[in-house]
Structure formats: structure tokens, C-alpha cells
Amino acid sequence: MATPSPWRIATRRSVLATTQAGHVAAALEKATGRPAELVPMATTGDEHPDRAIESFDAKGLFVDRVRQAVLDRECHLVVHSYKDLPTEPCNGLVIGAVPPRVDPRDALVTRDGHRLATLPRDAKVGTSSARRKAQLARARRDLLIQPLRGNLDTRLRKLDEGQYDAIILAAAGLKRLGLADRIRAELPSEISLPAAGQGALGIECLANRPDVAAWLAPLNDADTSACVRAERAVSRALAGSCEVPLGAYGEIRAGQLWLRGFVALPDGSRIVRAEREGSPDDAESLGLALAEELRSQGAEEILASLG
């Protein structure tokens, strides 16, 4: 009997991206009995690791070419870090599955064992996330928050070389790579509310290939999918992007979806917060309602000031 042709999985070429895609490949092989192979490639954002994100004109810097590989039928599917996905859907593609989420929190990584409260005054903390910067500035106004680009290995190397005293990374990435021992502290959501989709993976496939979507269905986690849909609805309604200090995070508690969100000025001097609770079946409506509540508290004014 002939061996079935392998699933071709598009992925960014970083160690983290290929590791994440490898987990999906293993799960897909187990679910379908069909081999899988990774097709690593560079996105526009990957090719310019030292440029500030806000200097690019286009959206989808970290997903453009991997998505195109699926649209061109070079690959069957693509695995994304969900927080990298633009909130507007891509014509011709659908999310076929959202696997169970890993730790969604932000993680503090330091050279000298400090926690956030014990970092010395004027300590240099690296992050290029407007969301992290605003919340960190609000928690510790005496810190020097400086830009940090590059893949995870590059960011850790810059810390170890002494360019920073501490850096903020996604806990999920460190844990997926077996680097949990580098985490000095996971920042509670009260201090650093995660980005929409943080810690989750999104698997995209062609919209006109229901057969592929059916094969992916066993990989989907309903709770994670509902939370991410709600979070992204908040971000989409408020035109959230990497340059906007905005966070949204949902959790399933006793069968209900508890959703929190915030919008802030970049320096953290003003922040509006809101929360809602409802049925996971109404995830997107819940997200839209939370966005409206944030607007009523002044989010529109903050967003307008960002121009």
C-alpha cells in the first residue's frame, strides 16, 4: 500500500516557530496517520529584524509569506503564533483549529535574579511591545524601557551580553522551547494583561478545502478557541495593532467566559480597563461589548491621541 503524501506545513523559520509547528505536525500525524513535513520560510518581518515594527507600512509582517504558501497551494496549512495574526481575516483562508493554549502570561527574564519589584532604579528593560511598555511604565516609572527586536534567541543573547538588565517575553515561547528556567517571574495579569491570542496557536488552511478542515478538527480546543475569538473581537473593534497599548484576555471559569481588556497611553499615564462575563458561545459578541465599554470609559480619546 502506498504511503500517503505528507502534510506540508508552512512555518516561519525561527526556532520557536518551527518548534510550535513541530508540535502541530506530531499531533496531526497521530490524528490522521499521515506523515507531516515542515516548510520553513522567512516573512517580511523576519528579514528586517532590526527595524522598528512601527516603521513598516504593511500589516501581517510576520505572516505574509507563510499565508501565501497556503494560498498558492504549496502547503496544506500554516501554524501561527495567534497574537501575530492581523485581526482582519485573510481572504481565502480560515482557522481550521486552535490547539490548547500554553501559559498566556508575560515573563520577566533578568541577568541578576531580580524580580520586577527589586530591579534597581534606571534598570534597562527591553521590549518592543507597546502593550508591555505601557503597563510596565505604570508599574515602575523609574525603569528605562528600551526597544528590543529579534527572535527569542537573539533577545536572550542581548540580555546575556549586558545590553539590558531585564527583558519581557511571552512565557509560552520560553516554555515551548524548554527554557522555563530562564523565567524569573511570570507577571500576573493585574500587572501585565496579555495580548489577544497570546500563548495560543492558530492553524490556517484554505477556506475551500473542507476536507483539510475536517482533518484538523481533532486538534481544536473549544475553550481556547472561544477565549481567543473574544479577545480578538476586542482588538479588532478598537483597531488594535502592535503599536497600540491594548490588551485582552479571556478565561473559562465555571463554564463562563471571563474577559478583561485595557487601552492605555504609551507612557502608562492613563489607562482604562473593563471586564465582562458571558457564555463562550457568544465569544465575539462579548468581545464587542467589552470594546464598547472601554470606549465609554475614554478608550476612543486615547486611541485618537495615538494618531
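Two strands are taken as paired if DSSP finds at least two bridges between them, and the strands (E, at least two residues) and helices (H or I, at least four residues) are themselves DSSP runs, numbered from the N terminus. The structure is a predicted model, in which local features need pLDDT of at least 70 and side-chain atom pairs count only at pLDDT 80 or more, whereas totals for chains, interfaces and linings use all residues. Residues are numbered from 1 along each chain as its sequence is written, and side-chain values use heavy atoms, with hydrogens and water left out.

On these terms, an open sheet of 5 strands is found in the order β2-β1-β3-β10-β4, with mixed pairing. Because β2 (36-41) and β4 (93-97) each have a single partner strand, they stand at the edges of the sheet, and one side of each is left without a neighbour there. Neighbouring strands of this sheet are turned against each other by 35° on average, direction ignored. Strand β10 (residues 201-206) pairs with β4 in the antiparallel sense over 4 bridges, among them those that join V94 to C205 and L93 to L206. With β3, β10 also runs antiparallel, through 5 bridges, and here V79 has I203 as its bridge partner. Strand β10 is mostly covered, as 6 of its 6 residues are buried, where buried means under 20% relative accessible area, exposed over 50% and partly exposed in between (1.4 Å probe, protein chains only).

Helix α1 (residues 15-32) lies across β1 (7-12), β2, β3 (77-81) and β10, and runs at about 160° to β1; axes are lines fitted to C-alpha atoms, for helices over the stretch in contact, and angles run from 0 to 180 degrees between N-to-C directions. Helix α2 (residues 64-71) packs on the sheet as well, touching β1, β2, β3, β4 and β10, and its direction makes about 160° with that of β3.

Another open sheet of 5 strands has the order β7-β6-β8-β5-β9, again with mixed pairing. Its edge strands, β7 and β9, each pair on one side only, and the twist averages 30° from one strand to the next. Strands β5 and β9 are antiparallel and share 3 bridges, with A107 having E186 as its bridge partner in β9. Helix α4 (residues 152-160) lies across β5 and β8, at about 160° to β8, while α3 lies across β5, β6, β7 and β8 and runs at about 130° to β8.

Helix α3 (residues 130-139) is largely enclosed by the rest of the structure, because 7 of its 10 residues are buried. These buried residues are A130, R131, R132, A134, Q135, L136 and A137, and they pack against β5 (106-110), β6 (124-126), β7 (144-146), β8 (166-170), β11 (246-253) and β12 (256-264).

In the loop between β9 (185-187) and β10 lies S189, which is buried, with a relative accessible area of 15%. Not counting residues up to four places away in sequence, S189 touches P194 and R260.

Finally, helix α7 (residues 222-237) and helix α8 (residues 283-296) pack at an angle of about 35°, with their axes 7 Å apart. Among the residues that meet in this contact are A226, A230 and A233 in α7 and G287, L290 and L294 in α8.

How values were computed
Contact means heavy atoms within 4.5 Å.
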